[in-house]
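The points are grouped by topic.

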Amino acid sequence: MISLAAPVPVPRRRRRAAVAVAVVLAVVLLASGATAGLLWAARSPGAAAVPAFDGPPGADDGILVSSVSILDTGEPAIARLDPALRDAVGQASHAAAADGIVMEITSGWRSARYQQLMLDEAVTTYGSAAEASRWVASPDTSAHVSGRAVDVGPLDAQFWMMEHGARWGLCQIFANERWHYERATTPGGTCPPQRMDAAG
Ligand SMILES: [Zn+2]
């Protein structure tokens, strides 16, 4: 005959066992979740490589408060450019000056976190990641982050570069960014066809 008290300890043990199983499952799930997160991060170099800002971005991130000359190597935005690009733009600026055009650099080298900040702001401005990607490249693809691009201004300097930039191998890359120049051909060569935008 089974006593009425007998079943009570069994469910208790089962409950304890169930709790133990739940704890083990939770630990396993958390661990696998963390692993998945790490794998995801490893597969998303843009997301993984960009540390968060611990203060306001500044000159050390390549931010220019106002446009500068290509000769202004006191600015990290200029100093950290690829030297071959800096030399080419310097020669172009010199030639432009002889034509009465003052060429200014509105953006040069940028830190990855500055580029990410620009991309985040573009997503807010344009309302979607897809539209933002037409205007702002990700930190892992931007030629500004690798020091291989400058943005020039003002408008007359941009038009001057469209006409003469290829003499120094400097080419407009994106049809929607008449200010953005990279070394994309040999000096005096022919620039490659422009891409529609940074996403294309
Ligand atoms: Zn640019």
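H180 is buried, because its relative accessibility of 4% is under the 20% cut-off. This value, like the others below, belongs to a predicted model. H180 is placed in strand β4, which spans residues 180-183.

**Surroundings of H180**

- The side chain of H180 forms a polar contact with the side chain of H144, at 3.2 Å.
- Beyond the residues up to four places away in sequence, H180 touches H144, A149, V150, D151, C171, Q172, I173 and F174.
- Of these residues, V150 also stands opposite Y181 of β4, and Q172 has Y181 as its bridge partner in β4.

**Strand pairing of β4**

- Strand β2, residues 150-153, runs antiparallel to β4, and two bridges join them.
- Strand β3, residues 170-172, is likewise antiparallel to β4, to which three bridges join it.
- Y181 is the residue of β4 that faces V150, and Y181 is also the partner of Q172.
- In a regular strand, side chains alternate between the two faces of the sheet.

**The largest pocket**

- The largest pocket holds about 320 Å³ of space.
- Its lining consists of 20 residues, of which A137, F174, E177, H180 and A198 are the closest to the centre.
- H180 therefore counts both as buried, at 4% relative accessibility, and as one of the residues closest to the centre of the largest pocket.
- Helix α5 (112-126) and strand β4 each contribute at least two residues to the lining of the largest pocket.
- By residue class, the lining of the largest pocket comprises nine nonpolar, five polar and six charged residues.

**V152 in strand β2**

- V152 lies in strand β2, the strand that two bridges join to β4.
- With a relative accessible area of 1%, V152 falls under the 20% limit and so is buried.
- M103 and V152 are 49 residues apart along the chain, yet their C-alpha atoms are separated by 6.7 Å.
- Setting aside neighbours within four places in sequence, V152 contacts M103, E104, I105, T106, Q158, M161, W179 and Y181.
- Y181, one of these contacts of V152, is the residue that V150 stands opposite in β4.

**S107 in strand β1**

- S107 is located in strand β1, which covers residues 104-107.
- Its relative accessibility is 8%, which means that S107 counts as buried.
- A polar contact of 2.9 Å links the side chain of S107 to the side chain of R110.
- Apart from neighbours within four places in sequence, S107 is in contact with L64, H144, A149, V150 and D151.
- H144, A149, V150 and D151 are among the residues in contact with S107, and H180 touches these residues as well.

**The protein as a whole**

- The protein contains seven helices and four strands.
- Read from the N terminus, the order of its elements is α-α-α-α-β-α-α-β-α-β-β.
- The protein has 200 residues, and buried residues account for 34% of them.
- Of the contacts between residues at least 6 apart in sequence, 55% join residues at least 24 apart.

Key: Residues are numbered from 1 along each chain as its sequence is written. This is a predicted model: local features need pLDDT of at least 70, side-chain atom pairs count only at pLDDT 80 or more; totals for chains, interfaces and linings use all residues. Side-chain values use heavy atoms; hydrogens and water are left out. Buried means under 20% relative accessible area, exposed over 50%, partly exposed in between (1.4 Å probe, protein chains only). A polar contact is a pair of N or O atoms within 3.5 Å; within protein, one must be able to donate a hydrogen and the other to accept it, and residues adjacent in sequence count only if both atoms are side-chain atoms. Contact means heavy atoms within 4.5 Å. Two strands pair if DSSP finds at least two bridges between them. On a 1 Å grid over the protein atoms alone, a cavity is a set of points where a 1.4 Å probe fits but cannot get out, and a pocket is an open set with protein on both sides within 12 Å along at least five of seven lines; lining residues have an atom within 4 Å of a point. Grid points are joined across faces, edges and corners, and a volume is the space filled by probe spheres set on the points. Ala, Val, Leu, Ile, Met, Phe, Trp, Tyr, Cys and Pro count as nonpolar, Asp, Glu, Lys and Arg as charged, and the others, Gly among them, as polar.
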